[in-house]
Amino acid sequence: MTKSTYNIVGIMSGTSLDGIDLAHISFSFNNKWSFEIHEAETISYTQYWKNTLANLVNFDLQTLKSIDQEYTVYLAQVINVFLRKNQLTKLDAICSHGHTALHQPEQKLTYQIGNLPQLATLVNNTVVCDFRTQDVALNGQGAPLVPIGDRLLFSQFDYCINLGGFANISSEINRSRIAYDICPVNIVMNRYAKKKGFDYDKGGAIAKSGIVNSNLLNQLNNLDYYKDQPPKSLGLEWVDLHVFPVLEVFNLSEENILRTFIEHIAIQISKAIEPNSRVLFTGGGTFNDFLLERIRFHNKFELIKPSIKIIEYKEALIFALLGVLKLNGEVNCLASVTGADFDHSSGVIFNP
């Protein structure tokens, strides 16, 4: 290990399009990693960027490369404002996930925009980014990447579940970390909340007013993905192909779609958890009280909500850790999780 303390900014942009999460974090190592989240903020996307990012899968490669350049400049502006606002200097690195444009690991393809070398120059800091590409090249899914952080920072819990665009889970089974995407969450929920004029369904209130459609629920629960064994991962392309068409065929009200989909999420998550486990929940979906109520209806376990900063910024925290591990030349990507040929240290380092 080259260093035992690090001063880092971690950055995450997820498929739910909530915005760009930025978190200033200090790490220290003394037999195990510990951390403290200092300043943290989410910068909401403008309507232009929401529309652009929501349609990335529909653009050809040349257009994507042009958007990548534009997004990199925009991301640098957001980072620089955050650095100036919080007077952050002497950082070891800025560690960024970028924003997923394409994720088709079966085609050996994953592409996150905002991971260009010029980002380091624009923010005048070392940047560690592009964590997925190497894993896909090594025959992995390129996802999920967060489980190494669950192992190193949150090992006291039986399961870690993040409720973002997708629900993903990680746990230690027979001394091996197992993790995968369970099902879509906010990537679907937010779409139908927007049709009611809201960015999201606060607390699950809209869904709670609806009625479960049992035929739709059965179709969702019988999607082939749920029969597959890990490693496995989901992307917007899969939702566009397998979920939205099913929802639209039923021609239900937004309330009933949301109510049915919450039940679907609750069933899929409850099936992934052993009863009486200690389960850490993070991500924006953790604020959906009705969703949590339905998950606990289907399975009895100890549901743990951490601090607001961890709920909202756990992914930014862990991408910061991925960068630290990369800087140290340590494993940050687990073959047991992604299906890659072997554990490896993923990501690229750009200097200004």
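Why is helix α6 largely enclosed by the rest of the structure? In this predicted model, seven of the nine residues of the helix, which spans residues 186-194, are buried, and α6 is therefore largely enclosed. The buried positions are N186, I187, V188, M189, N190, Y192 and A193. These residues pack against strands β8 (159-163), β9 and β10, and also against helices α9, α10 (244-249) and α11.

By class, the lining of the second largest pocket divides into nine nonpolar, three polar and four charged residues.

The residues that line the largest cavity are P144, L145, P147, I148, N332, C333, L334, V337 and T338. Helices α5 (147-153) and α14 (335-338) each supply at least two residues of this lining. Seven residues of the lining are nonpolar and two are polar, while no charged residue is present.

Two of the residues that line the largest cavity, N332 and C333, are also touched by H344. The position of H344 is in the loop between α14 and β13 (348-350). With a relative accessible area of 4%, H344 falls under the 20% cut-off and is therefore buried. Beyond residues up to four places away in sequence, H344 touches Q134, D135, L138, V331, N332 and C333.

Although I25 and A320 are 295 residues apart along the chain, their C-alpha atoms are separated by 7.7 Å. When neighbours within four places in sequence are left aside, the contacts of I25 are Y6, N7, I8, F35, E36, I37, H38, A316, L317 and A320. Y6, one of these contacts, also has the charged end of K3 over its ring, 4.8 Å from the ring centre.

Helix α1 (residues 47-54) has W49, K50, T52 and L53 as its buried residues. An α-helix has 3.6 residues a turn, so residues three or four places apart point the same way. The buried residues of α1 pack against helix α2 (61-85) and strands β5 (99-104) and β6 (109-113).

The structure holds 14 aromatic pairs. In one of them, the ring centres of W49 and Y71 are 5.3 Å apart and the ring planes stand at 75 degrees, so the pair is edge-to-face. Since W49 lies in helix α1 and Y71 in helix α2, the pair ties together parts that are 22 residues apart in sequence. W49 and Y71 are both buried. Ring pairs also join W49 and Y71 with Y45, Y48 and Y74 in a cluster.

Another pair is formed by Y225 and W238, with ring centres 5.5 Å apart and planes at 55 degrees, so this pair is tilted. Y225 is located in the loop between α8 (214-221) and α9 (236-242), whereas W238 is in helix α9; the pair, 13 residues apart, links distant parts of the chain. Y225 counts as buried at 7% relative accessibility, and W238 is buried with a relative accessible area of 16%. Helix α9, in which W238 lies, is also among the elements against which the buried residues of α6 pack.

Note on methods. Residues numbered from 1 in each chain as written. Predicted model: local features only at pLDDT ≥ 70, side-chain atom pairs only at ≥ 80, totals over all residues. Heavy atoms only, no water. 1 Å grid on protein atoms, 1.4 Å probe; cavity = no way out; pocket = protein on both sides within 12 Å on 5 of 7 lines; lining within 4 Å. Helix = DSSP H or I, 4+ residues; strand = E, 2+ residues; numbered from the N terminus. Nonpolar A, V, L, I, M, F, W, Y, C, P; charged D, E, K, R; others polar. Buried < 20%, exposed > 50% of the residue type's maximum accessible area, 1.4 Å probe, protein only. Contact = heavy atoms within 4.5 Å. Phe/Tyr/Trp six-rings, centres within 6.5 Å; stacked < 30°, edge-to-face > 60°. Lys NZ or Arg CZ within 6 Å of the ring centre and 35° of its normal.
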